[in-house]
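Work through the following exercises with the sequence and the model side by side, and try each task before you read its solution.

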Amino acid sequence: SIAGTFLPVLVLVPLLGTSLTFYVFALALVTVGAFGAQRRAALVAIPAVIALAAIQLGFHGIRAPFCRGCESLFETESSYNYIQVARANNGPGRTPQVKLILNEGQAIHSVYNTRYGMTHDPADLVTNGPWDFFHVAPYLYPERGKADVDSLLLIGAAAGTIPKQFLALYGLESRIDAVEIDPAIIEVGRQFFAMEDESLPNYTVAAADGRVFLNRLTATYDIIGMDAYHQPYVPFHLATREFFEEVDARLDPDGVAVVNAGRVGDDYRLAHALASTMRAVFPQVFLIDVPTRGNVLVIGVKRPVGDGVANFRANRARMDDRVLRFWMTQALDADAGKLPLREWTAADAAAYRPFTDDWAPVESVIDRMILRAAEAGPE
């Protein structure tokens with residue numbers, strides 16, 4: 001029992017990975033059981049376990065990707081995650097997408113359309129996912145144009161989808177600081193997602209905890225984005241009033257804080273709880289529903305903007321970048337599956353207690369959302 005408690009955590013998982021650790025203990029159990037029952041059984045059972053491990057790990061990998069039409073390109077285990085890179089072949093005449101899948105495979109954490117490597121057209125980086133909408137958050141301010149945005153801090157960078165879009169839209173001279181807690185994911189981004197941090201002087205990626213990294217900074221930014229999920233959970237220390245006060249201190253005078261929050265259908269409890277927490281720090285907070293996924297972007301502005309929705313519409317009318325204009329139009333649209341861009345007012349926030357470092361039941365909120373979805377069953 002003592003060996004079973006300490007060996008996996010301290011020795012086997014760090015050295016061998018999770019899957020091979022399972023096989024080591026399976027082999028040990030089979031060996032003991034076989035010799036205890038009948039010695040000759042060991043001659044069959046032990047080679048069988050070894051052969052099964054070799055077939056599973058050597059030829060078939062750990063598991064097939066959970067995305068439709070995908071083939072696995074790479075798998076590994078780090079101290080933080082099971083990491084899988086998959087390629088989605090999108091049909092005749094369409095270039096493949098590379099996708100980052102972590103752990104249970106409940107979400108895609110990064111996307112890269114390989115066509116961009118040939119065209120360098122920002123339109124080829126459109127994902128129709130939450131990553132797209134970080135870039136339009138600054139246009140809640142009046143008279144805000146593309147030339148006014150040139151810096152980004154991203155907490156939870158994964159394999160670099162958002163920074164790649166930002167560079168394509170706002171120029172290679174833009175300043176980007178990104179932080180990702182898992183160094184293995186950073187290496188996957190460089191190998192499979194054409195991450196450019198090593199070739200651009202103003203683009204840095206650090207392997208660190210997001211809040212610790214934030215507290216060491218002295219620079220300020222136009223956009224500070226938070227996209228740090230251990231799907232489907234948000235780390236509680238990146239969802240509190242004290243954390244958002246630290247974010248506020250690192251924003252430019254016309255800066256925005258943007259958080260990616262999940263929702264299930266019309267269950268906005270997590271997004272509303274985060275919006276209410278941010279409303280305790282920022283003078284105004286706005287919500288953008290992502291059209292094709294169950295995500296909501298919660299945006300806090302550094303200073304009051306007045307009618308932010310009207311400002312956004314006016315900035316869209318002046319916007320000459322077709323990709324940004326497309327995303328702004330999507331943010332303003334509404335249909336049966338999403339609400340339009342809207343403000344989360346002080347009256348809205350009054351229904352929720354802000355999360356703090358002392359009280360932040362993020363997991364409880366998400367668990368209740370999951371239970372409600374399970375009770376409702378498939379649509």
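This is a predicted model: local features need pLDDT of at least 70, side-chain atom pairs count only at pLDDT 80 or more; totals for chains, interfaces and linings use all residues.

**Exercise 1. Describe the overall build of the protein, and decide whether its radius of gyration agrees with that of a compact globule.**

Solution. Begin with the secondary structure, which comprises 13 helices and 12 strands. Next take the extent of the C-alpha trace, which spans about 80 × 50 × 45 Å along its principal axes. For a chain of 379 residues, a compact globule would have a radius of gyration near 21 Å, and the protein has 23 Å, which agrees. Finally, consider the contacts between residues at least 6 apart in sequence, of which 64% join residues at least 24 apart.

**Exercise 2. Work out how helix 5 and helix 11 are oriented to each other, and which residues meet where they come together.**

Solution. First locate the two elements, helix 5 at residues 161-170 and helix 11 at residues 322-332, whose axes come within 10 Å and cross at roughly 125 degrees. Angles over 145 degrees count as roughly antiparallel and those from 65 to 115 as roughly perpendicular, and helix 5 and helix 11 are therefore oblique to each other. In the contact, Q165, L169 and Y170 of helix 5 meet V323, L324 and W327 of helix 11. These residues divide into 5 nonpolar, 1 polar and no charged.

**Exercise 3. Find where Q106 lies, and determine whether Q106 is buried or exposed.**

Solution. Q106 belongs to the loop between strand 3 (97-102) and strand 4 (108-113). Its relative accessible area is 52%, and the cut-off for exposed is over 50%, so Q106 is exposed. Leaving aside residues up to four places away in sequence, Q106 touches Q231 and P232.

**Exercise 4. Compare the backbone angle phi, the place and the exposure of E143 and A194.**

Solution. As for their places, E143 sits in the loop between helix 4 (116-119) and strand 5 (151-155), whereas A194 sits in the loop between helix 6 (183-192) and strand 7 (203-206). With a relative accessible area of 64%, E143 is exposed, while A194, at 30%, counts as partly exposed.

Definitions and conventions:
Residues are numbered from 1 along each chain as its sequence is written. Side-chain values use heavy atoms; hydrogens and water are left out. Axes are lines fitted to C-alpha atoms, for helices over the stretch in contact, and angles run from 0 to 180 degrees between N-to-C directions. Helices (H or I, at least four residues) and strands (E, at least two) are DSSP runs, numbered from the N terminus. Angles under 35 degrees count as roughly parallel, over 145 as roughly antiparallel, 65 to 115 as roughly perpendicular and the rest as oblique. Contact means heavy atoms within 4.5 Å. Ala, Val, Leu, Ile, Met, Phe, Trp, Tyr, Cys and Pro count as nonpolar, Asp, Glu, Lys and Arg as charged, and the others, Gly among them, as polar. The radius of gyration is taken over C-alpha atoms; the globule rule is 2.2 Å times the number of residues to the power 0.38. Buried means under 20% relative accessible area, exposed over 50%, partly exposed in between (1.4 Å probe, protein chains only).
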